[in-house]
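Student: I would like to learn how to read a fold feature by feature. Can we take one model and go through it together?

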Amino acid sequence: MHGASGTAEQPAAPSASPFLIDIPVLPAEPPGTLYVVARTTPPPQITISASTYDEDDAAEELAVWLRANGVERPFLVVSGHGQGLRRHISGATGIAVPGRHATRGWARLCSGAARGADAVVAIGGGRCLDVAKLVTVGAGIPFIAVPTQLSHDGICSPVSVLPEAVGGLTDSFEAVAPCLAFFSRPTLVKAPIASLRAGIGDLLSNPLALYDWKLASVAGVEQINHAAWHLSAESFLLIEPLLVEPLGPERVDPALVGLLAQALVTSGFAMMAVGTSRPVSGAEHKISHAIDFLFGGRAHHGAQVAFASLVSLALHGLDVEGFRQCLVNLGLPHHPRQLGLSHHDMVAALLRAPSTRPGRFTILESAALDEAKATVLVEALWGQS
Ligand SMILES: [Zn+2]
């Protein structure tokens, strides 16, 4: 969580009352409406380990599960955090260990080595899974995901986010979604708590993405897909009970990581139902992308998205203070200073945000902020600089 130190104002005491963002009301369809559902990929089959605290038990479970799914000769892409989980897997045709700086070029090199395997099995964090999605494209075999962190809802999506070269800007592009995913609860329980907080943060934006989608629908520029809408709402409702109390290490247990895994996968299904991130990504994601572009990533994606949701709430006229308290409870950034950003930086990010995803109509396009309006908004949210 680079730059996410506690330099902002002293947070208020934890909220005693339940925090809620109301899911917006789904607009009625005209009778006889026909939908063409762009389900580009079938949703993966998900397994959550029966093991709760012993990672070696989960590693044995994983090896048995792979064989039960017909995987005899996997090509493994394994990060440092995944080494414990791979120890009982046999018959591997090769093992690639992506460093933190793995690129698209590196993934293409691995693709050749993976040919001849019966599946690519990735065991690791976000970068590891993103690399493996590309290795799979080149090798033309199924992809199986074994995430060791729950920091965002792209785990089961077909989108890969990687730079072309070391030190280059990252870009999102279509790759391969997993056909199977295995969640080891012992591994996920011991993952850094910042990653869990970010995973919850990514889901906090789902209701706001739905408000934006509804806005686009009312403006006549997009049609709402009801299945995707309900999946996005459901994934938020799954984690909503976690928001009302402080999230410290003592609350992280196998039940919590199992619930979060289910919620993140459900959010991924919402994207897969329409073939885009529209059901789970609105203005708050644009603001986070603008921060990445202008200043470099300042925290996990999900943490930045949760923080930027304050802007969306204010523009939609929703309950900012209740949400701010929720960020405090979760240990997520709620003031620009926690991301090393000034008020001026935030104004720049708000002005840049619409162009990060042209064509996606959100509350930002509706508000049409100029510098003066953006400054007023930033000061209304965080006071005078
Ligand atoms: Zn996201």
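Student: Which residue stands opposite Ala119 in β4?

Tutor: Pro74 stands opposite Ala119. Before more, two ground rules. This is a predicted model, where local features need pLDDT of at least 70, side-chain atom pairs count only at pLDDT 80 or more, and totals for chains, interfaces and linings use all residues. Residues are numbered from 1 along each chain as its sequence is written.

Student: What counts as a helix or strand, and how many are there in the protein chain?

Tutor: Both are DSSP runs, numbered from the N terminus: helices are H or I of at least four residues, strands are E of at least two. The protein chain has 14 helices and eight strands.

Student: What is the strand order of the open sheet?

Tutor: Strands of a sheet pair through backbone hydrogen bonds, either parallel or antiparallel. Two strands pair if DSSP finds at least two bridges between them. Here six strands form an open sheet in the order β1-β8-β5-β4-β2-β3, with parallel pairing. β1 (45-48) and β3 (94-96) are the edge strands, each pairing on one side only. Neighbouring strands are turned by 15 degrees against each other on average, direction ignored. Axes are lines fitted to C-alpha atoms, for helices over the stretch in contact, and angles run from 0 to 180 degrees between N-to-C directions.

Student: How many bridges join β2 to β3, and how many join β2 to β4?

Tutor: Three bridges join β2 (residues 74-78) to β3. Val77 has Ala96 in β3 as its bridge partner. Five bridges join β2 to β4. Both pairs run parallel.

Student: Where does the chain go from β4?

Tutor: A crossover is right-handed if, with the strands pointing away from the viewer, the path from the first strand over the helix to the second runs clockwise. β4 and β5 are parallel and joined by five bridges. Ile123 stands opposite Val146 in β5. The chain crosses from β4 through helix α3 (residues 126-139) to β5, and this β-α-β crossover is right-handed.

Student: Are the residues of β4 buried or exposed?

Tutor: A residue is buried if 20 or more other C-beta atoms lie within 10 Å of its own, exposed if 12 or fewer, and partly exposed in between; C-beta atoms are placed from the backbone. Six of the six residues of β4 are buried. In a regular strand the side chains alternate between the two faces of the sheet. On one side of β4 are Ala119, Val121 and Ile123, on the other Val120, Ala122 and Gly124, all buried. Across the protein chain, 49% of the 385 residues count as buried.

Student: At what angle do α10 and α11 pack?

Tutor: Angles under 35 degrees count as roughly parallel, over 145 as roughly antiparallel, 65 to 115 as roughly perpendicular and the rest as oblique. Helix α10 (residues 301-316) packs on helix α11 (residues 320-330) at about 175 degrees, with axes 9 Å apart. So α10 is roughly antiparallel to α11. Residues making the contact include Phe307 and Leu310 of α10 and Phe323 and Leu327 of α11.

Student: Why does Leu247 count as partly exposed?

Tutor: Because Leu247 has 18 C-beta neighbours inside 10 Å. Leu247 is in the loop between α7 (226-239) and α8 (254-274). Its C-alpha atom is separated by 9.7 Å from that of Leu196, 51 residues apart along the chain.

Notes
Contact = placed C-beta atoms within 7 Å.
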